[in-house]
Amino acid sequence: MIRFMIAMSIFVMLHAASDDSFLTDSEYGKYLYENPRGISCKSCHGPHGEGMLLATYPSNDKTREVSAPSIIGMDIESFRKGTLSTKGVMPKYYLTTDEIDAIYRYLEGIKTQN
């Protein structure tokens, strides 16, 4: 975990250091979507942000479901608010606004490709 944090710190410094970064904005957003702080957004929201069923469980003779919502097509403010939310099952990632915006732009790019 410490190696990951050091690598991420170096990555962020290099990314912010110049516009000639070895990663495009989309690649940076994809990297963050796939592994921000060691937990993947795509594990719950799907490879393209379409949302997924996470679990089912019995409760009072009914089957209940826990799902991650689709995050495709959200406006940026709702996306930021949801990412920073601490209620529900959404993990707290401690992402910066720039990181959240990069993930948002990556998902918007996926949406326009489909």
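Where is S40 found? S40 sits in the loop between α2 and α3 (42-45), where helices (H or I, at least four residues) are DSSP runs numbered from the N terminus. The model is predicted, and local features need pLDDT of at least 70, side-chain atom pairs count only at pLDDT 80 or more, and totals for chains, interfaces and linings use all residues. Residues are numbered from 1 along each chain as its sequence is written, and side-chain values use heavy atoms, with hydrogens and water left out.

With a relative accessible area of 11%, S40 is buried (under 20% relative accessible area, with a 1.4 Å probe and protein chains only). A polar atom of the S40 side chain lies 3.2 Å from the backbone oxygen of E34. Contact means heavy atoms within 4.5 Å, and S40 is in contact with Y33, E34, N35 and Y93 once its neighbours within four places in sequence are left aside.

Y33 leads on to the aromatic residues. Rings of Phe, Tyr and Trp (its six-membered ring) pair if their centres lie within 6.5 Å; planes under 30 degrees apart count as stacked, over 60 as edge-to-face and the rest as tilted. By this rule the count comes to 2 aromatic pairs. One of them joins Y33 and Y106 in a tilted arrangement, 5.9 Å centre to centre and with 45 degrees between the planes. Because Y33 lies in helix α2 (residues 25-34) and Y106 in helix α5 (residues 97-113), this pair ties together parts that are 73 residues apart in sequence. Both Y33 and Y106 are buried.

F79 and Y104 also form a tilted pair, with 5.3 Å from centre to centre and 55 degrees between the planes. Here F79 belongs to helix α4 (residues 76-84) and Y104 to helix α5, so the pair ties together parts that are 25 residues apart in sequence. F79 counts as buried at 5% relative accessibility, and Y104 counts as buried at 15%.

The nonpolar core comes next. Such a core is a set of buried Ala, Val, Leu, Ile, Met, Phe, Trp, Tyr and Cys residues joined through side-chain atoms within 4.5 Å. The largest one has 15 residues, of which Y33, F79, I103 and L107 touch the most other members. At least two residues of this core come from each of α2 and α5, and α5 gives the most, with 7 residues. Not counting residues up to four places away in sequence, I103 touches G29, L32, Y33, F79 and L95.

How values were computed
Buried < 20%, exposed > 50% of the residue type's maximum accessible area, 1.4 Å probe, protein only. Polar contact = N/O pair within 3.5 Å; in protein donor to acceptor, adjacent residues only side chain to side chain.
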